[in-house]
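Me: I'd like to learn how to read helix packing and sheets in a model. Can you walk me through one?

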Amino acid sequence: MAVPTPVSPFADPTIGRRYEEKVALVTGAASGIGKATALRLAAEGASVWCADVNTEGAQATAAEIGEHGGRARASGADVSEPEACAALVGGTVEAFGGLDVLCNIAGIGGSAHFTEESPDRMRAMMAVNAFGPFYLIQAAMPQLLERTGNVVNLASTAGVIGQAYCTAYCASKHALVGLTKALAIEYGRTGVRFNAVCPGGVNTNILGGFLPPEGASMSLISRSFLTRDMQEPESVAAMVAYVGSDEAYYVNGAVLSIDGGTTTG
Ligand SMILES: NC(=O)c1ccc[n+]([C@@H]2O[C@H](COP(=O)([O-])OP(=O)(O)OC[C@H]3O[C@@H](n4cnc5c(N)ncnc54)[C@H](O)[C@@H]3O)[C@@H](O)[C@H]2O)c1
């Protein structure tokens with residue numbers, strides 16, 4: 001099947017209303033997968049707090065939700081800062097009365113030869129991609145326990161397999177997957193769920209940072225891509241929306257690939 005042309009979830013008669021009465025906090029909501037997820041959850045009935053380091057972008061997403069009759073608020077926040085994460089959870093609970101689904105989607109990436117990867121960039125990727133979700137989940141835990149909520153962590157194929165010239169990114173996404181699995185077990189008996197969605201090849205801004213570094217071996221890079229076409233962020237948002245919904249009540253600790261088969265064997 002060809003890559004479908006994205007349709008606004010508010011104009012898509014095939015989607016359900018699985019998020020009536022639910023509250024979601026979505027990071028990375030200014031663009032790409034985070035934006036598509038915020039729109040999707042709102043279209044399914046959720047009240048959505050849109051968070052992003054790009055404040056204007058987050059506000060634009062919330063405004064778009066409002067224009068369609070949905071409920072959303074927005075704020076600028078850097079998820080690598082624990083105080084900002086606590087404030088996001090506090091703001092969401094204050095505005096909407098609770099929190100049911102935390103979608104950790106904000107992320108940064110980039111490629112480099114390992115010997116040229118800088119410790120600062122390694123720290124930055126760990127800070128946003130792994131510590132951000134760690135801070136947010138810690139802050140959200142009381143609410144998630146009270147409402148038997150769940151967490152969807154946006155990892156990557158780079159959280160499932162190794163990828164050449166992506167040491168820092170791979171390390172950060174494997175950390176996120178490990179965090180997800182450990183929490184799923186620690187809280188398994190409470191009903192609070194933790195899952196990782198692992199896409200490959202999504203047509204978004206982040207890809208600009210993943211150009212092959214000079215002198216890269218294309219045969220090593222091509223190992224990471226099986227499909228001819230990129231998927232659109234809406235297809236990943238649809239998977240996030242399923243995993244975060246009550247329909248997925250038995251999905252816990254799962255590492256769900258959506259990558260056209262790239263991580264198959
Ligand atoms: N595009 C892909 O092919 C792909 C594949 C696998 C995983 N992912 C992951 O998907 C997630 C979303 O990325 P995307 O593809 O939509 O790219 P994107 O660049 O469009 O979106 C990332 C968003 O995160 C925000 N962000 C970055 N640093 C932040 C911070 N410190 N605090 C708060 N927000 C911050 C950005 O402003 C941006 O809006 C990322 O975690 C990324 O690693 C993307």
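Me: At what angle do H1 and H2 pack, and how far apart are their axes?

Reply: First, a caution: this is a predicted model, where local features need pLDDT of at least 70, side-chain atom pairs count only at pLDDT 80 or more, and totals for chains, interfaces and linings use all residues. Residues are numbered from 1 along each chain as its sequence is written. In general, two packed helices are described by the angle between their axes and the distance between the axes. Here H1 and H2 pack at about 25°, with axes 10 Å apart. Axes are lines fitted to C-alpha atoms, for helices over the stretch in contact, and angles run from 0 to 180 degrees between N-to-C directions. Helices (H or I, at least four residues) and strands (E, at least two) are DSSP runs, numbered from the N terminus.

Me: What does that angle make H1 and H2 to each other?

Reply: Angles under 35 degrees count as roughly parallel, over 145 as roughly antiparallel, 65 to 115 as roughly perpendicular and the rest as oblique. So H1 and H2 are roughly parallel to each other. On the H1 side, Lys35, Ala38, Leu39 and Ala42 make the contact, and H2 brings Thr61, Glu64 and Ile65. Contact here is C-beta atoms, placed from the backbone, within 7 Å.

Me: And how do H1 and H7 pack?

Reply: H1 (residues 32-43) meets H7 (residues 233-244) at about 55°, their axes being 8 Å apart. That pair is therefore oblique. Among the H1 residues in this contact are Gly32, Ile33 and Ala36, and the H7 ones include Pro233 and Val236.

Me: Now the sheet: what is the strand order, and is the pairing parallel or antiparallel?

Reply: Strands of a sheet pair through backbone hydrogen bonds, either parallel or antiparallel. This open sheet has seven strands, ordered S3-S2-S1-S4-S5-S6-S7, with parallel pairing. Two strands pair if DSSP finds at least two bridges between them. S3 (71-76) and S7 (255-258) are the edge strands, each pairing on one side only. The twist averages 15° from one strand to the next. As one example, S4 (residues 101-104) and S5 (residues 150-154) share four bridges, and Asn104 has Asn153 in S5 as its bridge partner. H1 packs on the sheet too, touching S1, S2, S3, S4 and S5.

Me: Which residues are closest to the ligand?

Reply: Gly32, Ala106, Gly107, Thr204 and Ile206 are the closest of the 32 residues surrounding the ligand. A residue is near if its C-beta atom, placed from the backbone, lies within 6 Å. H1 supplies the largest share of that shell, three residues.

Conventions: Contact = placed C-beta atoms within 7 Å.
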